[in-house]
Amino acid sequence: MSVGASASVRTRDALSRGRDLAPRWGYPLFAVALALLVSAGLLALTGKNPVDAYRALYDGSLGSTFGLSVTLVRMTPLLLAGLGVAISFRAGVFNIGAEGQLYAGAIAATATALYLPGLPSVVLPIVCMLAGLGGGAVWVAIPAWLRAYRGVSEVVVTLMFNFIGIYFASYLVNLDYGPLGLAGSAYPQSNVIPSRAELPIIWPTTSVHAGLLIGVFLALVLFVVIRYTPFGFRLRAVGSNPEAAQYAGIPVKRVMVAVMLISGGLAGLAGASEILGLKYALYANFSPGYGYDAIAVALLARNSPIAAIVSAAFFGAMRAGAVQMEQTVGVESSFVLIIEALAILFLAIGVFVQRRRTGPDDAVKGTVAAKTPAETSSAAPDMETA
Amino acid sequence: MTQTVDNPEVLRMEGITKRFPGVLANDDISIDVRAGEVHALLGENGAGKSTLMKVLYGLLQPDRGEIFLHGGRIHISSPRAAVEHGIGMVHQHFMLVPNLTAVENVMLGLPRRPLSVLDRAGASRRLRELSAEYYLGVEPNAVVENLSVGAQQRLEILKLLFRNVRLLVLDEPTSVLAPAEVEQLVRMVRMLAAEGRAIIFISHKLEEVKEVSDRVTVLRDGRVVATCPTDEPSSADLAQMTVGRPITIGRRLGGRASESAATELQLEGVTGLGDHGVPALVNVSLEVRAGEIMGVAGVDGNGQRELAECIAGLRRIESGRVLVGGRVVEGQSRDLNLLGFIPEDRQRTGLILSFSIGENLVLKSFDRPPFTRRGLLRWRAIWEHARRLMGDLRMRRTDPTIPVAELSGGNQQRVMVGRELQGDPSVVIASQATRGLDIGAVENVHEMLLGQKKRGAAVLFISTELNEVLAISDRIVVLYRGEIMGEVRPEEVTIEDIGEMMLGRRRTA
């Protein structure tokens with residue numbers, strides 16, 4: 001093969017990657033910008049000055065050292081759990097049970113730190129994190145098995161397992177009868193973990209801990225796994241067309257189970273890092289819904305692990321800045337939920353419109369496309385009105 | 001056939017133009033249909049037939065052009081509006097609810113006053129009358145999923161008659177029917193026309209257009225090539241108008257396999273279950289030798305898919321056994337030197353449409369060298385492999401990184417076939433490999449399969465198109481309800497004989 005030809009392969013490869021990246025980043029950024037704009041209008045309608053509000057939001061999240069540190073702390077569990085959700089979506093599996101898996105990971109990490117304190121100090125936090133990974137994976141194992149081998153919708157089962165996980169944690173730390181409950185405490189919580197089990201603080205004088213580094217590192221790892229490994233190829237194939245994957249000899253069920261275990265494990269890591277890096281004890285209801293927000297993180301990142309870093313930072317910043325916005329301008333902190341929701345909504349509309357636009361195009365180019373299941377099903381209701 | 005040119009005009013579409021991004025699907029198309037006329041719309045896939053009919057049925061709005069009904073200009077905003085104007089369509093894929101009865105399907109969507117009670121008995125009576133009047137034989141209380149395909153199609157037509165539609169559009173109605181059912185359909189279409197209804201009959205099959213229609217409009221590349229009485233041009237002329245160049249689909253044998261050639265594919269009393277757990281293959285035995293094409297004829301849904309999947313190891317064999325290249329099939333093989341399998345639904349099971357051409361070409365081999373080394377995918381090897389293969393497939397100019405979804409049906413099938421045949425397998429299964437392809441692409445697939453035969457592969461050619469089975473097979477078996485009705489040689493059998501076998505009459509010769 002000549003040099004020229006291989007160069008052209010490289011350009012094409014790069015081009016295709018460019019084509020791959022442009023909509024992935026373009027739509028989300030546009031959606032966020034539009035959400036901020038519309039929200040500004042809403043603020044103005046309620047008699048608040050949007051400029052002042054957004055300045056407070058910015059100061060409280062990115063514009064000050066303290067704000068930035070809060071953003072980074074908030075984004076850590078969002079990133080880890082968001083990666084888990086993203087990889088499952090990528091494989092066409094809708095694991096929306098990150099919240100329960102996060103609690104399972106937190107329980108496993110806490111128990112390990114409390115009951116195995118004899119381990120050497122460098123090893124202990126690592127073992128605790130691995131316990132968190134395992135806890136999350138165990139929590140998704142039953143839904144994964146049901147999904148792959150019994151055809152039970154993972155959406156329902158993982159969602160139900162959230163409640164089991166949350167209340168199981170509450171039971172464990174119950175002050176009266178919970179096996180991990182700390183008698184005499186004001187709020188249901190476990191004993192405080194030994195300091196040797198803590199994740200190190202990576203930004204002195206703030207609460208930013210090593211969980212963030214783990215999250216960013218795992219995002220890079222997942223990027224490589226998805227793009228450059230046979231497992232990633234299988235995962236994408238199963239996510240794009242499980243039937244064709246089956247025909248091509250890819251073990252679809254095994255891939256599904258593996259992806260769900262990884263997904264749950266990542267959510268478990270989010271819970272473990274929250275305990276080991278920030279809270280230092282297991283509290284009842286300690287997560288303000290990080291596992292649910294992780295779904296939004298993955299959606300906004302369009303299931304790309306690299307984009308998930310930015311997406312998690314956005315959600316982290318919103319939550320961090322909300323406090324300052326409430327204190328200085330008097331805008332309810334829950335207002336950022338509106339911004340977040342609008343961003344997801346606009347993104348969904350953008351993607352939908354894009355599909356609509358390219359739809360008939362495909363129908364003409366791929367001559368048989370008129371027979372694709374998607375087309376037939378979308379056309380069916382129209383025709384039944386006849 | 002009667003002369004219909006002087007009958008009053010029912011429909012006129014004038015200067016219809018519809019553009020999709022990058023494609024001019026309809027370019028200034030004008031067509032008129034008269035009362036009592038069967039007007040055939042002939043053209044290859046992608047010629048613009050479907051787009052034109054979607055415009056007529058209100059599913060698409062044209063960029064330019066006007067529609068006149070009985071001389072008055074109308075605007076068709078939706079299928080409901082089309083039906084209100086007396087225009088009805090029988091789609092290629094039926095729009096029936098399988099678990100409702102025939103009469104319930106007919107009543108679905110009928111205009112009625114809010115809160116009024118459903119008059120099921122009245123509708124049943126009327127349906128029974130209509131069914132008798134047109135010899136359609138549809139029982140109002142039969143559940144649709146228990147009806148044969150032909151009966152479902154007749155029910156679709158009844159749905160339109162119930163609404164007293166004056167203009168019927170039939171979209172490739174014969175593609176799902178056995179020869180005898182085709183005859184019945186043709187009789188019914190003529191009967192509807194004789195009552196003064198107008199009928200648009202969409203097809204890409206010349207013979208049936210010749211048989212059923214009064215006039216024909218030929219479309220090619222979104223334009224009208226000609227409109228003329230059907231009996232004026234010869235079949236050869238019509239074919240040439242459709243494709244744009246002379247073609248011949250005749251019998252093409254690439255020499256017969258020697259009697260001593262090794263048996264590469266062998267089925268011994270194979271029984272297999274369908275998706276719903278009922279036997280779909282019953283005691284099937286056959287042998288295919290190297291250098292031989294064995295045709296499998298039959299009406300769609302008589303065990304063809306299950307047969308292919310049992311051989312490919314994708315479906316459990318309940319009893320009996322399958323030998324490929326002398327080895328018993330146990331589970332799925334990804335060995336491209338042993339078995340090439342072109343599944344019947346390339347878009348759902350053969351290809352991943354959102355994946356690039358290059359990725360689809362390595363779908364069975366991406367995790368082996370040279371595409372994976374030391375645990376990592378080697379994209380350069382994947383693209384180089386794609387470009388080499390695409391050269392052989394005459395797709396040299398196409399970028400291997402574009403998604404397969406952006407390719408034409410013919411090129412999608414090239415990718416599919418190219419992937420499965422790259423290892424020169426000893427057994428090739430081609431299941432409905434030409435379905436939905438235009439004549440040029442069909443020829444291309446036939447050539448590739450004949451090439452495989454010449455190379456020494458044992459080819460199992462499964463198709464519901466009797467003509468092509470007759471054209472390229474050395475021997476033919478006919479499947480009916482999962483059983484082999486008999487084996488024939490194409491040069492010794494008539495279409496009528498095979499047609500009988502396709503309807504379940506065993507050949508006793």
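Let's start with a hairpin in chain B. Strands β21(B) and β22(B) form this hairpin, with 2 residues between the strands. There, B:R481 takes a positive phi near 45°. Keep in mind that we are looking at a predicted model.

Now the two strands themselves. β21 covers residues 475-480 of chain B, and β22 covers residues 483-488 of chain B. They pair in the antiparallel sense, over 5 bridges. One pair to find on screen: B:L479 has B:I484 in β22(B) as its bridge partner.

Stay in chain B and move to a sheet. How many strands form it, and in what order? There are 6, in the order β6-β7-β8-β3-β9-β10 (chain B). The sheet is open, and its pairing is mixed. Look at the edges next. β6 (87-90) and β10 (223-229) of chain B stand there. Each has a single partner strand, so one side of each is left without a neighbour in the sheet. On average, neighbouring strands of this sheet are turned by 20° against each other, direction ignored.

Let's zoom in on one pairing. Strand β3 (residues 38-42) of chain B runs parallel to strand β9 (residues 215-220) of chain B. The two are joined by 4 bridges. Within this pairing, B:L41 stands opposite B:T217 in β9(B).

What packs on the sheet? Helix α1 of chain B, residues 49-56, does. This helix touches β3, β6, β7 (167-171), β8 (198-203) and β9 of chain B. The direction of α1 makes about 150° with that of β7(B).

Over to chain A, and a pair of helices. Helix α3 of chain A spans residues 65-90, and helix α12 of chain A spans residues 305-329. They pack at an angle of about 140°, with their axes 7 Å apart. Why do we call them oblique? Angles over 145 degrees would count as roughly antiparallel, and the angle here is about 140°; α3(A) and α12(A) are therefore oblique to each other. The crossing of α3(A) past α12(A) is right-handed. By class, their contact has 15 nonpolar, 7 polar and 2 charged residues.

Last, a word on confidence. Chain A has a mean pLDDT of 86, and 86% of its residues reach 70 or more. Two stretches need care. Over residues 1-22 of chain A, the pLDDT is below 50. That stretch has 12 contacts in the model beyond near neighbours in sequence. Over residues 359-386 of chain A, the pLDDT is also below 50. Here the model has 55 contacts beyond near neighbours in sequence. Where pLDDT is low, the predicted coordinates should not be read in detail.

Terms used: Residues are numbered from 1 along each chain as its sequence is written. Chains are lettered from A and ligands numbered from 1 in the order in which they are written. This is a predicted model: local features need pLDDT of at least 70, side-chain atom pairs count only at pLDDT 80 or more; totals for chains, interfaces and linings use all residues. Axes are lines fitted to C-alpha atoms, for helices over the stretch in contact, and angles run from 0 to 180 degrees between N-to-C directions. Angles under 35 degrees count as roughly parallel, over 145 as roughly antiparallel, 65 to 115 as roughly perpendicular and the rest as oblique. A crossing is left-handed if the near helix is turned anticlockwise from the far one by less than a right angle, and right-handed if clockwise. Ala, Val, Leu, Ile, Met, Phe, Trp, Tyr, Cys and Pro count as nonpolar, Asp, Glu, Lys and Arg as charged, and the others, Gly among them, as polar. pLDDT is the predictor's confidence in each residue, from 0 to 100. Two residues are in contact if their C-beta atoms, placed from the backbone, lie within 7 Å. Two strands pair if DSSP finds at least two bridges between them.
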